[in-house]
Each structure stands twice: as C-alpha cells, then as structure tokens.
Amino acid sequence: MSLFTEPIGLSHFLVVGAVLFVCGVICMATKRNVLGVLMGIELVLNGANLNFVAFGSSVLRPAGTEGIGMDGQMIALFVIVLAAAEAAVALAIALSYYHAHATVDVDRGDELKG
Amino acid sequence: MDINSIIPLLLALAWLLPLGSFALIFLFGPRMGRAGRYSAYLATGAIVVSCVLSFAALGFWLTEHYPHAAAGHGGHVAQPISGEWYTLAEFGRLRLTIGYYIDSLTLAMFCMVTLVASCIHVYSFGYMHEELSDVTDPLAPLSNGQPLRRRGRYCRFFQYFSLFCFSMLGLVVAGNLAMVFVFWELVGICSYLLIGFYRERRSASNAGNKAFIVNRVGDFGMIVGLMAIWTGLGTFSFAEIFSQVRPIAAGHQLQTPEGLSYGLLVLAGLGIFCGCVGKSAQFPLHVWLPDAMEGPTPVSALIHAATMVAAGVYLVGRFFPVFTPEVLLVIAVVGCITLFLAATIAITATDIKRVLAYSTVSQLGFMMLALGLGGWLAGMLHLFTHACFKSLLFLCSGSVIHACGTNEMPEMGGLRRKMPITSITMLIGCLAIAGAGIPTLIGMSGFGLSGFHSKDYIMAQGLLFSTANPGFGPIFFYAALIGAGMTSFYMFRLWYMTFAGRPRDEHVHSHAHESPLSMTGPLMVLAVLAVVAAWNLPFTELGLKPLLEQARPVGTVEGVAGGMLLPNVAMPAEHLAHEYANSVKAEWSAFAVALLGFLLATAFYGLRKLDPADARRTFSPLYKLFVHKWWFDELYALLLIRPVLRISNWVEAIDKRVIDWLADNSARAVAAVARLDDWIDRIFVDNTVNLLARWTYSTGLWLRRLQTGNVRQYVMWLGAGLVGLFVLMNLYWNYATAGG
Amino acid sequence: MSFFNFHDPEVLRTWLLSLIIFLPALGAGVLCVLPIRSDQFFKRFSLAITVLVFLLTVWLAIPAGDSSAVGHFTLGEPGMQNVVDHEWIPSFNIRYFLGLDGISLPLVILTSFLSVLAMWASWSIDKSVRAYCALFLLLETGMLGVFMALDFFLFYVFWEVMLLPMYFLIGVWGGPRREYAAIKFFLFTLAGSVLILIAILVLYFTSNPHTFNMLTLAEIGQMPDSPFHQTLLWGKSVSWWAFVLLFIGFAVKLPAVPIHTWLPDAHVEAPTPVSMILAGVLLKMGGYGIIRICYPICPDAGYELAWVVCGLGTVSMVYGALAAMAQKDFKRLVAYSSVSHMGYVLLGIGAWSATAEFQYNTDYWTMGMSGAMFQMIAHGISSAGMFFLVGVVYERVHHRNLDQYGGLFARMPVFSGISMVIFFAALGLPGLCGFWGELFVILGAWSYSKVLAVVAASVVILTAGYILWTIQRVYLGPEYKGPHGDALTPMTRREKYIAAPLVALAILLGVYPKALFDYVTPTVQKTVVEMKDWSEQPKADSQSVGWVERSEPHHRKNPPKKMVGLAPLDPPYFSEQPSVDLQETEQP
Amino acid sequence: MNFDQLLQNVVGDTIGPGGSLCAFRPELALCATIVAVLLAKIILPGWKSSAYYITLLGLLAACFFAFPWSWQQGGIPAAKSIFTGALIADSFTVVVRGMLLGFAVLFATFTQMTGVWDREDQAEFYVLMLGSLVGMCLMISANHILIVMLGVEMAGVPCYVLAGMKRNQPKSSEAALKYAVFGAGAAGVMLFGLSLLAGVLGSVQLPTMTARLIQIIHNGASADQTLVLALGGLMLMVGVAFKLSAVPFHFWAPDVFEGATAEVAAFISVASKAAALGLLVRLVAVFSMPSALTFPEGISLPPDRLAAVADLGVVRQYIVALLSLLAAVTCTFGNLAAYGQTNMKRLLAYSTIAHAGYMMMPVAAAAALVGSDAVGAREAIAALLIYLGIYLFMNLAAFAIVAFLRNATGSEEIADYAGLVRRSPGLTVCMAIVMFSLVGLPPLAGFWAKMTVFLALIDAKLWALLFIGALNTLLSLFYYLRVVKVMALSPEPLHREAPTIPLTSLVGSYCALLTVPVVALFFLLGGVLYWARAAAHTLFN
C-alpha cells in the first residue's frame, strides 16, 4: 500500500520534512535576493524541525519502539530560537552588504574568488 | 763494520741530499745571491756529495763481494740487502713501507746516476747562464707580436733538477713496488716540469702534458699489475715477491704461488712491463719522448737519455724473476719493433735533438729486446753504456745548439774547426753508440768502446735465441742487426751534417764558438766514460760486467724454461751466448753492419758521392712514412684524443640537457599541476555548478529560470558534495562488503 | 642537579662534546643580538669562535696514551669513545647520544679545520655580514652534529639543520643564478633526506624494542635472525628497503651520478668560502652516512646491492672526469672533479662490503674502506684548496672562463706554486694526499671485481688529462688573455695564510699517511670483522633474492612503546631532565 | 519519582559539591566577562580600551578555572557526564578548552596590538569573540545532539559577524554573507542529519545512541535503516567538515580569509578549527567505541562489552573510510591550490585547508585502531593534539606578521614583501621559521606535528594516507619556500621601501614571543606530549 492510502503516520511527516529540506536547499541555491536565500535557510531548518517533532510525538511512534519523547519538542524549540538568532545576524549582514553594494543581489558579490 | 747497516745509511744520505737542496731552493731559491745563482752551487754540491757517498757505498760493497773470475757466470751471487725505513700504512697482514733493496745493480745505478747527474749539473752552469738575467723568448710571441721578455728562472731549473735526482735515486733504491710506483710518478712529474720549463711556449707545455699523460697510460697498466700482485701475494716488497714466485724449495725456478693463477702472473708481468713501456718510450707509447726535447738540453741529457727513460729498463731488470716466458717474449717483440721503428725515423729527422731522441728510443728498444730474449746482463750493460754515451751526445748537441742557436742540422755544418772539443767528443760518442771496436780475431777476444761490448752481448743473445728457437727466433737477430746498421748510419750522418763539410748558413757559422769550460769539461769526462765504461780495471776482475753479474736474478742463470702458454719458447742461458762460436758470429755481423752504415753515411754526407735527395725521391713513400714518424701522432689524435673529447662533450650535454632537464621539469610539472588545480578551483567548480544548475533547470523542475552566482554556487556545491560523498561511500561500501 | 659536578668525567665529556657542537650556534645567537654594527667585528668574532672549536677538536684528537685526560682519543681502540648518552624524548626512546670513533673523529677535525679557513676566507664578504656569519656558524653546528650523533634521530635533525643555512648562504650571497642553484640544492637534498627519514622510521618500527640508537640498530641488523629480514614490500626485506632509501639519500649528498647535478650549479653560484665548506665537508656526509649507517645496519642488503654501489662509484668516477674535461668554467670543472673523486669513496666502500662473497681476508676490506676514508679527508683538503684558489683569482678578475686565463705564473708566482701543489694533490700525485686514497681504493676494488677495478684505474689517465689541461690553460702560456689583467696582484698575506695549512696538510698526509690511518684503521677493521662474522653466518634461507620466504619471526604483538606511552601520570617535566648516570650506555 | 525528588536530584547534581557547575566554571567565567564588557561600555564610556582589559581579565580567570590543579595529586579523573548527560567533562575537554583559552589570551593581546578595533565597536568585537569561544567550549564537550547543534551555531554565528565587521567594505560584507549563507546551509544539513539519526536510534544522547546502534547492528539492521543511518552520519559529517573547511565544503574559507581582517582570519583558522576537531574526536570516540557511559538502565544489550566493540566494527570502518577520503582530498587540494595564490591571506587559507587535512588523518588512524588496541588510538589522538598545539603558535604567528605588515604597508600581497630582509630582518627570520615549521622541517616544532601524525598512521597501517601525507609535505615546501624566497632573496622593489619593524619594537617582540615556542617545542616535546596524552587518556574506555 502506498503513502497516499495509508493513514497519516510518521512517514508522511518525514516526507514533508524532506521535501521542505530540499526546497530550502534549492531555494538557497537559486534565489538571487539575499532575503530569498535567508528564507531558504529557514526552510531547511524547519524541515529538520518537523522531523524532530514527528520523532518526538508519542502518537506517531510505532508501538514498542523507543522514541526520543519530549526531547524532540524541546530541540524543536531550541532550533526555532537558533533560527531566529541566525536570521537576525544574517539580516544585519545583509544590511551591511546592501550598504556596501547598494543592492541585495548576491551575484554582485563576486570580488572574492580563486 | 757491517755493510748491511752502513750501505743503506750511505745510500739514504745520498738519496736525501738532493731533496734537501730542493727544499732549500724551493723556499729561498731567488734569494740565493743575485737571481739565485748560488742555488746552482747548492744543487751541484748536493749531487756531487751523493755521488761520493754512492761510490763509498760501492766500496763497502766490494769489501764483501769482490768479484772473482773463478766465480764465473752467476757463480757468486751476492745476497741483496733489503730492509725498511718506515711504514706508510698497515692493514693487518698488509704492510706498505718505505724500504730499500740493495744489490750491486742498485749500487751501480746509484753511481751512474749521480755521476752523470753531477756532470750535467756542472754543464748546466754554462748552458743555463742566460737564465740569470731577463730572457727574451722569441718562441713565445705575445698577442702584439713582440717576443716575450721574462724574468730568468735559474734557481727553478736547479730546484727541479734536485727534485728529479731525489726521485730517481728513490726509484733506484726502492725496496718495494709501491715505492717504485711512487717515485715513478715523481720522476714523471719532474720531467713534466722540466719539459715545460719554457712554460710560456705553447709547444713546451703541450709536450709536457703529452709526456705526462702518455706516461699515465703506462702507469694505468702498471696499476693493474700492482693490483694483481698485491691481491695475489699480499706484499709489494721485492724480497718477498721473489721468494714467493721463485721459492728456494723449487730451486728458484718460476712457479705460480697460491692466490695467483698463472694467468694473473702473466697479467701482472704485462702490467708492470706496460708501465715500463710508458716510461722507456717503447712502442706504442714512444711518441712522447721526441716532443720532450722541448726542454732545455741538459734535461734531455739527464732525464730523457741517461736516467729516467732507463728506469723502465731498470724495472724490467729488477723485476726479471717474476716475468714468465710469455711476458719476456712480449717484451722482446716490443723492444724489437721499437728499435726498428725509431731507427727508421731517426734516419730522416733533421732536428739534431730529435735524431738523438729517436736514437735513444731505438737504444732502449735494444735493451728491452735483450732482456726479453733472456739477456739480462746484456740489457743492463747496455743501459749503463748507453747512459754514458747518450748523455755525452746530448750534451754535445747542446753545446752545438748553444753555439748556433738552432736545432736544425741543415743550417749547421763545418763546425769542426770552430768547436774542436765538441766535435771530437761527439765523434767519440758516435763511435761508442755505433759500437766501434775490433771483433774477436783468432785468439784475442773482441775489444772496443763501451757500446761495442754491450751491443755485442745483445747480438750474441739474439743469435743464440734464434738458434734455440729456430721457428721465429732469427727475426729478432736480424732486426737487431738492421737496427745496429741504421744506428751507425744516422749517427755519422748527424756528425757529418753538423761538423764536417762547409758551413751551410754563414750567419750561424759566424756566430758559432766553442763553449766555455764548464760545458766542455763534462763533455770530456763523459767522453772518457763512453770509452771505458764497459772495461774492467786493468789487471783486475773489477768492472761493470762482473759487478752486474753479481746482481743477476737467482734462478735465471740457466735461462728461462718454457711457460704454460708457450711451452716451447725458452730463453737460453746467457753465458752460452759468450761461447766462442756464437759470439764471434754475432760480433762480426754487428761489426759489418755498423761499418756498412758508416760507409753509407760517409758516402752520402761525408764525401757527397751520393745525393740524399735522390734517395728521398727513389724511396719517397718510405721517406714520407719515416719523416711523418709513421703518422703515430695523427693516428692517436684520430683514435683516442678526439673521441675522448667528443665523449666528454656528450657527457656535458647529457648533464645539461637530460638530467637537469628532468630535474627542472619535474619541478615545473608540480607547479603546472598546481596551476591546473587552481584553474580547476576557478573554472571547473563554477562550471560544474553551472552545469548542475542547468541540469536542474532542464529536468523541468517547477523552478523559475535560475541564474547562478557565487554564493549560490557554493551552496549548490554543498548539496552536490553531500550527494557525491554519499554515492562514493556507497560504492566503497559495496566494494568493501563484497570484498569481505 | 649534578650537572655541574665537574669531577665526574661523564659530565665533563658531555660538556666538552656539547660545547664543540653548540658553540657555533651559541656564537650565532650572540652575533644576532650584539648591538655592534662593525662588519669587521662580526668576521673576527666568528673566526674566533671557529678557531676555538677547532682547538677543542684538536684536544679531542690528541692521543690519550696512558694519561687518561677527558676527551683524548685512545689510539688503537676501535670502539666508540667519549660517549655521551642522555635521555632526550624518552617516550620515543630518543636520546642525546654522541660519540666519536676512528671514522668520525677525522671528519670532525676536518670540519672544524675547514670552517676556520673558510671563515677566514670570508673576509671579502661585504653584504649583510651579520647574517652571513650567523648562518655560517649555524652550518658548522649542523655539520659537527652530524658527525658526532649516534642517535639516528639526532643525526637526522643535524642533517636537516645544515640544509637551511646552506640554502640561504647560496641563495643570498651567491652569484647571478643563485636562486636557481639554491632551490635546486635545497630540493635535491630535501628529497634525499625525506627518504632517509622514511628509512629511519621503518627501522625504528621494525626494531624491537623500538630504538633510534645506531649502534643497537647495527647489532640488530647483524643478528642471525634479525627482525629486519622480514619482508616489507614486493618481496624485499626491511633491510633491503632501508638500505636503498638511505643509500639514495646519502648518494644525493655524495653526490653520485645521476643525482649529482645540483653540485655544479651550487658550486658555481656559491661564494668561495661556502664552496670550500660544501666540497670539503658536506660531500663527506654522504660517504660517512654510508659507512656508518647503511652497511652496519643493513649488511645483507649491502651485500646484495654491492654491485650497484660499486657500479655507481665507478660510473661517477668516469663520468665526472669526462664532464670535467668538457668544462669552460673553472669552478664547474673543480665541481665535476669532486664528483669524480667522490666516486672513489663509493667504490671503496662498496667493494669493502662485497668481498665477503668469496674470500674472508679482512685485510683487503679494511684497506679498501680505509682508503675510502682517506680519500674523503684528502679530497676535503684538495677540493677546498682548489675552490679557494679559484676564488682568489675570481675575486681579482671576476670571470671564470678557462679560455681567458693564461700566464698567471708570471703574474702571481706564489699563487701558481701553491696551485700546482694543490692541483697535483687532486691529480693523485704520490707524495701528496690525493694518492693514497685512490691507490688503496683501487687495490681494494680488485678483490671485488677486476673489471671495475681496471675501469677505475683507467680514470687516472682522464684525471691527469683534465688537470694538466687546466693548468696549461690557466697558469702557463706567455700572457694573461682575459679582462681586468691589471687586477692580477700577488696573493695577500691573509690568502697565503689560508692556503699554507692546506698545502702543508696535503704534503704531510702524502708523505706520512699512517698519521691518519692510525686513527681510522682500528675502527674500520672492527667494522670489517663484524661484517665478516656476519657474512660467515649460515645463510641458508637468505639467498640474494631477498628474504621473501622468511616468515616474520619478530612480529611484535603489543609494542612496548605503548607501555611507555601509557604513563601520562608522571609529572610533566621530569622526563626532560637528562639523567647523568649512564643507564644502558653504548653496546657491549 | 515525584517532582520535588527530581528537583532535588537536579539541584544536587548541578550545584552540589563536585556538581556540574564546578566543571563548568570556565564557561561561566566567559559569560560573566561578556556581561562585564557590555556593562563597562555603558558605565564607563570614557575608558577606551576597557573591553580589552576586562576580556583579558576574564580570560585569565577562565584559564585559572580551566587548569586542572587536581591532576598533580589525584591523577587524571575518569570521564563523567554533567548536566544530566548533556555535556561530558573529561581530560580531553579540559586540555582542549585550556588550549582554546590560552589562544584567546594571545589573540586578544594581538588584536589590541594591531588596533583594528580601536573604535567604538571594540566591545562588540570582544563580546563576539567570547561568545564564539563559549560555543567552542560546548562543542568540545558535547554529549548530546542539542549541545552539538548549539555549540556549532554559537561558535559559528559570531564569526559571521566578525568576518563582516569592517564597515562599508564590500569585500568584508561579501565575505560575511558568504560565510553566513554557507554556514547556515551546512548547519541545516547537519541538523537534518542529526534528526534522522535521532529518529532512527530513538535517542538524543550520544552514548545512548551508540547503545541503540549496537543493538540494531546486533539484531541485524534492515537495509533502509542502514541507508538512513549512513545518510544521517554523512550529513552530520558535512556540518563538521564545513567547520574544518574540508574539501568539498571549503569554499567559504579562502573568500572569508581574504575578505575578513587578518585577525579574524587567525581566529577562524585556529580556534574554530580546534573546536571542530574536538567535536570530530568526540563524535568518533562516541560512535566507534561503547564508552563507560554508554549503558544507561533500561537498554538490553549484547552480553558483553567485547561483543559490542566487535559490533561497532562496521561503523568504525565507515568512519575510517569517510575520514581518510576527506583527509586525503583536503590535504592534497589545499596544498596544490595554494600555489597560484598571490595574496598572503589567501595562501594561508589554503594552507589552513591543507593542515585540516593533516589533522583529520590521526582521527582516522584512531578510529582504525580503536578496535584492536585502544592505547594506539589514544596515541593517535595525542598526535592530533600535539599538532593542534603547535599549529596554534605557527598560524597565529603567521597571521600576526601578516597583520603587522598590513598595518605598516597596507598591503597583503606576497609580492610586496620583497626584500623585507633588508629592513626588518628579525621579522623575516620569524616568518621564515614559521613557514619552514609549517612545512615540517626540523629542528622546528612543525616537524614533530607531522612526525607524530605519521607515526600514528604507520601504527594504524594506513599506508595510503601516509604516502599522501609525505607527498604533500614535499609539495607544500614549494609555496612556503616561495614566500621566504620573496622576503629573503628577492631584491627590494624600487618604488617603495619595505617597512622597518625591528624585533625590539612591541609588535616585533610579540612575533618573537610567538616564534620562540615554534623552535623551543621541538626540543621540549616532552611537555606537550604529556598534556596531549593526558587529554587522550580518558577517551576510548
């Protein structure tokens, strides 16, 4: 039976998480706008987050297996905070980048190479 | 008083005195009087004193070993005095020492060398006097065409002379082969220095190099011989070598010692002889001696006539017991070729000194021939007599050159009246070398100048050998005969062209004058020697022959039996050669050819009945051959020198082109790789990312059209790296698990 | 802390040897910080240091006789003397282990002696003298250390220490193409020393217990069932590989064809004093390394590869001589003559190792190897002299083109006289130092291979050829043909004083070689006898194919190194204190 | 258990005698310093360099707390986990942390000396540095997924800012952006990997995860389990590799080093690398060997420990393969790429990459050895620490000289160093020593760094790595030598004269101070060795 027919379970969450992760990476890799890139980062982190939460939930866990329990949720919270902090820093850097280059196009920053 | 201790002492003194004078002149030479004129007295004093000492030593020797007629041939054999002065190096059983090996031969050599050397030293006073002041050397032109003016080098000349005397005496007294080799090289270097005495002249320095290098070729062979002996017998000392090769147990007959196969024994003999070939200018290494005449005439007289070149013969004589018959045969052949070759060249040479040089080579050939045929005494005797008359001849020629200022005989002539002493002494010399004398008539035995006796012995030995080995024996005898004939021819040709007839070059003739007493004196002394050298003291048994007879190597009295390789070649016993039947034939034939040569010379140059030019024309091919010295120099240049130089250039090229090329390029290669890698970093990475990006686009993902920029490329590479690593690890994993 | 208890001879020895090695380095340090700016002072100071070191080494060389003063050398005593042995890095069993025997002592003295002369010859250096002197002194420390070190690791360290000063001395004070020459020298030597390092590690790990002690390693290597016999790679034994690596490393220094090309460039570009040191001392390290390390530690490999060694030696002799004959540059010519002369060393050593094959008469081996040693010393004297003389004339006329000399005899008589002696010494004239080494080497080679010996003997002709030709082109002839003719002034007093000792030594060693052999021979004989015993061992399964079929007898189960390593609890710095008492000193 | 009992336990475990906090004092000191610095900026704005001195004070205090005074008497205590298993406190933590703090002291002084931050944002600089330092301390003592994540982020994020702190400089901000984006991406990947691991292994505490891993392997892992585990491990490794700037995750390094100031470059190249290696060692140690802390109650395990060790063999093999691959590629790539460089900082960046490669080798060796002899593995880790300790001095010295020269000439191009030896010989000598030490020539400490690593490789029989390492040593010679050549041999350029920095000056003496150990440690290896072994002592048991 396939994912689509079976009831929502752990694997569905994981699939979504994986998709988020991939989207994030591709977004980072394709967006020229700094903010877009930062969004990509958020997507990646949240993909991981989703995994943690899913693994942590006692409902989704197959019976008789050890899970990570509350740790999952806790880590998710921490990651959210981390993401926020990182976003702040990244935005600040983006700002100074904008000051320096008068644009937020990351492709303009190609002085350093080789 | 024990001669075993006193004689070595005397000889050591006689040997070291010249060294002392050398050191003194080397250090203070130029400060000895004006232009160092007193250095001459020092050197001469030294050599004269050592001459006296040598004769004293001889006297002591005679007190023990007075030769008796009764002793007969090889009857009384005197024990040689051998010992060591100090040790050079010691490796377990192997010892290398400075020692001595003294028998009557050594003593005779000492007396001869010192005596001749003293004469020549005195002679040099006069001959070299121009070196006292500044010298103008027309033969060394400067780049601006002017002749070179240089300081005189009077003291240097005597300094080198002293060094030479030291080396020569050391060579004679040497107690082992290594020591012989040491002084062998030293005399070589002395001759190099003295040949190149006029070092500004290109010809002189070339001749010096030629002499030394050709000698080195000989020494190379000698080293091989040394190696064989050293490794086989574990010693260099003559006494031990002889006792091993000719043990008493075997009645002093030649036998191969353990550790040395017969082949190696032959090789050793050949090697040693090879050294002698170089030193004594035998074929094929004879080419250096004529060029060596670039040196001052006293040098030619002392080194290149009387002593050094004889050293080769001396060594052959000294090492005689170790030579197998095969080696002796080789020696004979070489000697035979040499004496003929050199004589032919001497016939056509016009440079007075070169004529003498070639005659020297030829005479040395005679000695080698004699030794090779087993005529030990003959060879040695000829060595001594030749030393006397050849040095005399050279000194005379020197006096002539000194008077005329040229070496070319065609520019001389008619000097008889101008320089009577020189001409007469030279005539004596010619007679001596030609072997003038009265052969054995009924009853009374043959009698003549010194050369007569020695040559007579050689002829006799040759004849005897031919009878002993009828197969090929006669060749040697006839070659010797022809050689003797040519000898008398070119010697008298020389005398006639120089002294007889009317002057050819008025300018030269007008300047000519008799030399000062310092030069004529030695001439007269040597002339006397040239006459009497081979005689016994009247009414005694005391003379060169019996003296040398004492030194005859033990076990060779009865000749040398056939060897392993050539069993049927036997060197006959020498005393048989003096049997009446044999010697009378030899003497008369020798006398006849000598006379013939004399008459021819008279006919050509004395009475001018025949014109040399006709002869040249008739025999033009031969003449060309002779006058070009058989094209030996050209041959060597073509076969040896140029190839070596070319090879050395190749080697140089290899170094530059190949090895360095490799080294440099490997370095460059690394750098190139680096650049490539850098290039990869710049281009390849970006492009892959581009490719990757385009690929993602073309896969029709629902992405917008994307353009790659640096940061994003990096991120892309992050993902790519992840995937790549994963794939790699998977591959590795499958491989590893599959591999077990 | 009894390290200053000078009544203890051990302590005195330690101080003496360490002083000899490190005094120059100390001087270099002082030189760097001195607030003086006078170049003359720097030179004088460094000269004083070198002289001091030389005197100390001379003190070492004085035969002890019955008075056993510390440091004197006991003649006829073959073993190690003046041994100094302290812990350095105990956890790797690395020791500060110095010692002298008949092989190393002469080289040590040669080093200090040439350093004095070279330093004195440096008077003409005028470019940043302070750095020059400092580097020079550092170099001397390295050289002395190499010859004294008995701990393999220490040896390697000193070996590398020489590298950098030499690089800078050539690269900064050299001629026009100095950078190329310097880099070339550096890379060649470094590549060599990397190989040496690998070999050292392999031996270290194969020996059990792990040790860097050369003498112990030699003992292990000569054991009947030595752990070095186990197969390492491609069916070749450990000792085979070690030998090959070490040999290549040393052959670069020696230098042997075809890895010699750094030498001519380095010499041509280096300033005169550096050339003197380079030719006089550095080349000897190759030979020393082979004698001291390669053969004793890997006898079987040496036995197996003797033909390579001897062959290389002979090839180098011929090759160098031929190449020298083709040179136009005076200094290049001398450099190539060095290649040729060091070939004798290689041949002597190699032949020594190989005669084990068919005869057990140790005397000939001893002779060959002593000859090699003698040749090293003699070449140290003659080549240093030649380079100095070249430098003298180069300083005057600033060119080295052989075709543009001539007539120097008239212009500089004393100089020419000295040159004659030195060049004849190089030519191998009897009565001068060059002769005996060559003679004994060739005589020794005969018992290994007659062909090689004959070829080697033939080199005397080539040698005579290029040396005489050089003399003719430079000193003889009517007049000087090159530029700056008026600058050809006679030798200064300083130059005479530098050349005189070289001439004197050349003559002394030529007339009385025993003076040197008395030091060398006993040790050589000992080594040779050891080798003989080794080669007389039953070698049923050790045929020259290598050691393929050998099982691995000494494969270590749990290495004792770890036992040492397990104890991090002992306080940190006790391990640093060199303990004075000799626990397990050099071998019985 | 009821709640207050739990509370009791927690409190006792945290602040009780020998509780977690006393093992955590250095980090606390750092945090306090951060606060102090910020306060000082508000309270005494007049005092220009207040930040520096307070930082120095705090760092010294941290060092004091970090120094293991008790070892002399009690010997090295066994490892213990603190904060209920979040962190692990053992000799490794102590030594590496001490190394970091010591470096920080030198570094702070150095920045104060170059005075790039002698502006109003000096305080921020030090705060960021300290914050990053705290993150690093967490990294090296991580025992829990969360701590791994936190540590990496805390260590990383401030560095992004530092890289971009040169205002209005395009290069600087560009570098910062690249660093941030790349770093964030790497962190994301790592986090995802961690989530996978945690999910499959059903735990977030590393030792427990190992235990589960053993269980799974023992019972035979299913294919997809293996796949997910491998992928997760790989993603985790990506995060570490980014910190290590290991190929192919190194792209940020050259750009950041060039864009940021030399000071920041020094910090990133030494401190964050050391921390990353610490983390790597932690992970390898945990996953390659069941540690004493591995067996919490309630997990059924294979009968004995040996079996467990055996079970982990496959994991070790995986780790060794991965690390060897990365190490070989990194070291070769770095060395070769360094050739073409003309900018000194860029060259040093590539050399840093190369050295990261060298430093991963002993870890691989350790992983390879653990199974057979743990002692050998410890030796390998000790080799790594020796390398780190020596590398710290060499690189700091190199960057310091670069910075001083930049201050003097305003250029960081190698070509502009030409003829430096004439003007400031002392500095040139220092640079030469450092360069040759980076090559690894005796008698310089760098030799021991490489030597010990190679010894470890030989011990682990990783011949391929050994060969590559030796080869690279030879390769690296060229470009280091080039720098020295330009400084010493090349003639002084005509248009401008090289700067004059005598060793007697302040900065000169600082360089000398950093160079002395580079020479001295060669002869006094024993001390370093002692500490390195002490650090490795508590690992793998």
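Let's start where chains B and C meet. The contact takes 46 residues from chain C and 44 residues from chain B. Keep in mind that this is a predicted model.

Look at the chain C side. Seven elements of chain C give two or more residues each to the side that touches chain B: helices H6 (178-206), H11 (299-325), H13 (362-397), H14 (408-411), H16 (433-446), H17 (450-474) and H19 (514-536). Which helix gives the largest share? That is H17(C), with eleven residues. By class, this side of chain C has 30 nonpolar, twelve polar and four charged residues.

Now a pair without contact. Chain A and chain C do not touch. Their nearest C-alpha atoms are 27 Å apart.

Next, inside chain B. Take helix H10, residues 297-306, and helix H14, residues 376-404, both of chain B. Their axes come within 9 Å. They cross at roughly 160 degrees. An angle over 145 degrees counts as roughly antiparallel, so H10(B) is roughly antiparallel to H14(B). The crossing is right-handed.

Which residues meet there? From H10(B), we have Thr297(B), Pro298(B), Ser300(B), Ala301(B), Leu302(B), Ala305(B) and Ala306(B). Facing them from H14(B) are Ala387(B), Lys390(B), Ser391(B), Phe394(B), Leu395(B), Ser397(B), Gly398(B) and Ile401(B). Sorted by class, the contact of H10(B) with H14(B) has nine nonpolar, five polar and one charged residues.

Arg31(B) sits in the loop between helix H1 (3-28) and helix H2 (38-64) of chain B. Is Arg31(B) buried or exposed? Arg31(B) counts as exposed, because it has 10 C-beta neighbours inside 10 Å, and the cut-off for exposed is 12 or fewer. Now find Cys155(B). Arg31(B) and Cys155(B) lie 124 residues apart in sequence. In space, C-alpha to C-alpha, the two are 9.4 Å apart.

Last stop, chain D. The secondary structure of chain D comes to 23 helices and two strands. Its C-alpha atoms fill a box of roughly 75 × 60 × 45 Å along the principal axes. Chain D has a radius of gyration of 23 Å. A compact globule of 541 residues would have one near 24 Å, so the two agree. How much of chain D is buried? Of its 541 residues, 67% count as buried. And the contacts? Among those between residues at least 6 apart in sequence, 80% join residues at least 24 apart.

Definitions and conventions
Residues are numbered from 1 along each chain as its sequence is written. Chains are lettered from A and ligands numbered from 1 in the order in which they are written. This is a predicted model: local features need pLDDT of at least 70, side-chain atom pairs count only at pLDDT 80 or more; totals for chains, interfaces and linings use all residues. Axes are lines fitted to C-alpha atoms, for helices over the stretch in contact, and angles run from 0 to 180 degrees between N-to-C directions. Helices (H or I, at least four residues) and strands (E, at least two) are DSSP runs, numbered from the N terminus. Angles under 35 degrees count as roughly parallel, over 145 as roughly antiparallel, 65 to 115 as roughly perpendicular and the rest as oblique. A crossing is left-handed if the near helix is turned anticlockwise from the far one by less than a right angle, and right-handed if clockwise. Two residues are in contact if their C-beta atoms, placed from the backbone, lie within 7 Å. Ala, Val, Leu, Ile, Met, Phe, Trp, Tyr, Cys and Pro count as nonpolar, Asp, Glu, Lys and Arg as charged, and the others, Gly among them, as polar. A residue is buried if 20 or more other C-beta atoms lie within 10 Å of its own, exposed if 12 or fewer, and partly exposed in between; C-beta atoms are placed from the backbone. The radius of gyration is taken over C-alpha atoms; the globule rule is 2.2 Å times the number of residues to the power 0.38.
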